[in-house]
Amino acid sequence: MSVMQVVPAPSETRIDELCINTIRTLSIDAVQQAKSGHPGTPMALAPLVYTVWNRVMRFDPKDPIWPNRDRFVLSNGHASMLLWSVLHLTKTQAVNAEYENLGQPAVTLDDIRRFRQLDSKAPGHPEYHWVSGVETTTGPLGQGVATSVGMAIAQKWLANRYNRPGFEIFDYNIYAVCGDGCLMEGVASEAASLAAHLDLDSLCWIYDNNHITIEGKTSITFTEDVAARFLAYGWNVLRVHDANDVDRIERALEAFRATRGKPTLIVLDSHIGYGSPNKQDTSAAHGEPLGDDEVRLVKRAYGWPEDAKFLVPEGVYERFEAGIGARGAQARSRWSKRFAEYRAKYPELATEIDLMQRRELPAGWDRNLPTFSADAKGIAGRDASGKVLNVLAQNIPWFLGGSGDLAPSNKTTLTFPGAGDFQAGNYGGENLHFGIREHAMAAIANGLSLSKVRAFGATFFIFSDYARPSIRLSAVMELPTIFVFTHDAMGDGEDGPTHQPVEHLASFRAVPGLVTLRPADANEVVEAYRYIMQLRHQPAVLALSRQPLPTLDRNKYAAASGVARGAYILADSPGGNPEVILIASGSEVSLAVDAHEKLIAEGIRSRVVSMPSWDIFEHQSKEYRESVLPAKVTARISIEQASTFGWERYVGPSGRMIGMHTFGASAPLKELQRKFGFEPGRIVDVAKELLGR
Ligand SMILES: Cc1ncc(C[n+]2csc(CCOP(=O)(O)OP(=O)(O)O)c2C)c(N)n1
Ligand SMILES: [Mg+2]
């Protein structure tokens, strides 16, 4: 017989406080143990996170990938302990990359004890593909909020396509918490401007207005009126003056949910390091452990046992279970029931949702992809891309994207009937207009990918510089975001060096997991997309030409399907025993083919290797790589209108590299090609020189 303990039920406020202080002290203890991390902001924002999670959010810890869950983004990722605490206390479950529930917690108390240590599920910053329940990777300030705009765009698009009368399949909200740093970053401004333009009312940013960053008070750098700025963008702006006032926070969140036609910013006045007698309101609370003595003082201030570590008092797990646990489970089970009825009524739409959630493609996704017949004049990479995009978007309903105000140049406009423009009045549009906001565009494309929509963003290759931090994050997160970059080299000749990429291919090739592809002709463009579309956990960068490239005769030369191997033998000497290998990508492949024909005519056994993607080639078997680039053939020439950086690995110590060693220049393309040596004659000369002929 068990003995029932008779204890007075703690008051609502007391138990709320207990939960909040648990988040605070877990954060403090974890940072202290790790001897690194950021205690101050979790101490200040614990009441906010508690309120959002336990009182408001529709999220079922038992199924953290339920498609209609509310999203929570911690844009000030240095405060990651907030997330680890709450994922732990809500007993959020882990799922794997195949979207299977693993039946184990996403974050254990042990993980928290091992905060910031190898293999811990409580790493330094929120990591999307590493910890279940993390909606997006954050750490680089501004990225989280910008990405949240992509999530809000996705919500509108999904609702428009899939909701039916009586079936609100997608009606979730997105909550993003950010600090001074996020709101100083340009990417947040770009994204905020677009969010208001698009009336994204499922989006709520909560700004931790603590007047502190690393170097001290924001009075040294950041004195603008943030609220006025957001009002000017067109946001609904609310203010809560006390970050400890959970009721007011809850009311502000209610006001957000009742607001239609605009996103909401809640300015929350807080005290970094709340409760720390010596560090509160100072930057000392931002990024270092409090120290043992101060930890004691803080715990005393919270009414916490001073020597307890990683303590989760009785009643805390239960409180979360009764709050978010019960609410989430109920919301999800209600949704699942409705979805079963929806499936019966709209089976095709339900199937689309299923496929999308698993990042799979619909049957026939690649039907009607064009093939291009041999043509010396050819077609520009960007034009071929435009044709392919239009076919893919018709075959894959959830494939959408757009450009940073360069769609007419990037040729990314989806022109088929019904494609339409995504605007406030037309959330079904598949053409996104990002405006001249490349950085936000890339972050938003990631937000769309995180929402399982297949997304692309486009601009000139040169302006990938403005998008790079988010492109990098797409690789860190293992998202299949597609970046369509045109004007990939000297093609826009007269625009000059500011518009001519040089180092960009090399730098993208250096990003782990990112697939960089530079197709040589229209058929390679088709094959590049065919490859990219099948990626589920890798982003891709496409570098496409502005100018027409000859469409190679695939009866004479090898099939473009070789693209799927990264590099392939396009043309070979009769008998296939080459003495010199010409390796090229993109617009330089046809130059290499011309040079090859000349060399063959002169009795020199040459081979042309088209190498659209180093990354893909590196993943082929050793045998295949050896068959394309036999070790014994040391006379090798790379030809690429870009920095030669890295080509040594393929040409070897005896090879030569024809590439760029300076910036370009403003002149017609033909003149630039002559000036920089991208002509068949030059390749022939270098080949002969190498062979001593
Ligand atoms: C893009 C970027 N720049 C710099 C940093 C380094 N950094 C991390 S936190 C921080 C200060 C952030 O201040 P705030 O957002 O106000 O956070 P708080 O200290 O108030 O939590 C800086 C500069 C970063 N993480 N990302
Ligand atoms: Mg701050």
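This is a predicted model: local features need pLDDT of at least 70, side-chain atom pairs count only at pLDDT 80 or more; totals for chains, interfaces and linings use all residues.

Trainee: Which residues are the protein donors of the magnesium ion (ligand 2)?

Mentor: Donors are N, O and S atoms within 2.8 Å of the metal (3.2 Å for Na, K and Ca); water is not among the atoms, so sites may look incomplete. Along the chain, the donors of the magnesium ion follow the spacing D-x29-N-x1-I. Lying 2.1 Å from the ion, they are Asp180 (OD), Asn210 (OD1) and Ile212 (O).

Trainee: How many residues apart in sequence are the parts that Asp180 and Asn210 tie together?

Mentor: Helices (H or I, at least four residues) and strands (E, at least two) are DSSP runs, numbered from the N terminus. Asp180 belongs to helix H6 (residues 180-184), while Asn210 sits in the loop between strand S5 (203-209) and strand S6 (212-213), so the parts tied together by this pair are apart by 30 residues.

Trainee: Is Asn210 buried or exposed?

Mentor: Buried means under 20% relative accessible area, exposed over 50%, and partly exposed in between (1.4 Å probe, protein chains only). Asp180 has a relative accessible area of 3% and is buried. For Asn210 the relative accessibility is 7%, so the residue counts as buried.

Trainee: How much of the accessible area of ligand 1 does the protein cover?

Mentor: A polar side-chain atom of Thr41 is 2.5 Å from an oxygen atom of ligand 1, and a polar backbone atom of Gly181 is 2.7 Å from an oxygen atom of the ligand. Accessible areas come from the Shrake-Rupley method with a 1.4 Å probe; for residues, only the protein chains shown count as cover. On its own, ligand 1 has 590 Å² of accessible area, and the protein covers 74%.

Trainee: How do the residues of the shell around ligand 1 divide into nonpolar, polar and charged?

Mentor: H6 and S6 each supply at least two residues of that shell. Ala, Val, Leu, Ile, Met, Phe, Trp, Tyr, Cys and Pro count as nonpolar, Asp, Glu, Lys and Arg as charged, and the others, Gly among them, as polar. The division is 5 nonpolar, 8 polar and 2 charged.

Trainee: How many disulfides does the structure hold?

Mentor: A disulfide is a pair of cysteine sulfur atoms within 2.5 Å. For the sulfur of Cys182, the closest cysteine sulfur is in Cys178 at 5.4 Å, too far for a bond. The sulfur of Cys204 also has its closest cysteine sulfur in Cys178, at 9.6 Å, which is too far for a bond. The number of disulfides is 0.

Trainee: Which residue does the side chain of Arg607 contact?

Mentor: Arg607 is in strand S20 (residues 606-610) and is buried, at a relative accessible area of 4%. A polar contact is a pair of N or O atoms within 3.5 Å; within protein, one must be able to donate a hydrogen and the other to accept it, and residues adjacent in sequence count only if both atoms are side-chain atoms. At 2.9 Å, the side chain in polar contact with that of Arg607 belongs to Asp572.

Trainee: What is the phi of Asp405?

Mentor: Most residues other than glycine have a negative phi. Asp405 lies in the loop between strand S11 (399-403) and helix H14 (407-410), and counts as exposed at 52% relative accessibility. Although Asp405 is not a glycine, its phi is positive, at about 65°.

Trainee: How far apart in space are Val149 and Leu198, C-alpha to C-alpha?

Mentor: Val149 is in helix H5 (residues 143-162) and is buried, with a relative accessible area of 0%. In sequence, Val149 and Leu198 are 49 residues apart; C-alpha to C-alpha, they are apart by 9.8 Å.

Key
Residues are numbered from 1 along each chain as its sequence is written. Chains are lettered from A and ligands numbered from 1 in the order in which they are written. Side-chain values use heavy atoms; hydrogens and water are left out.
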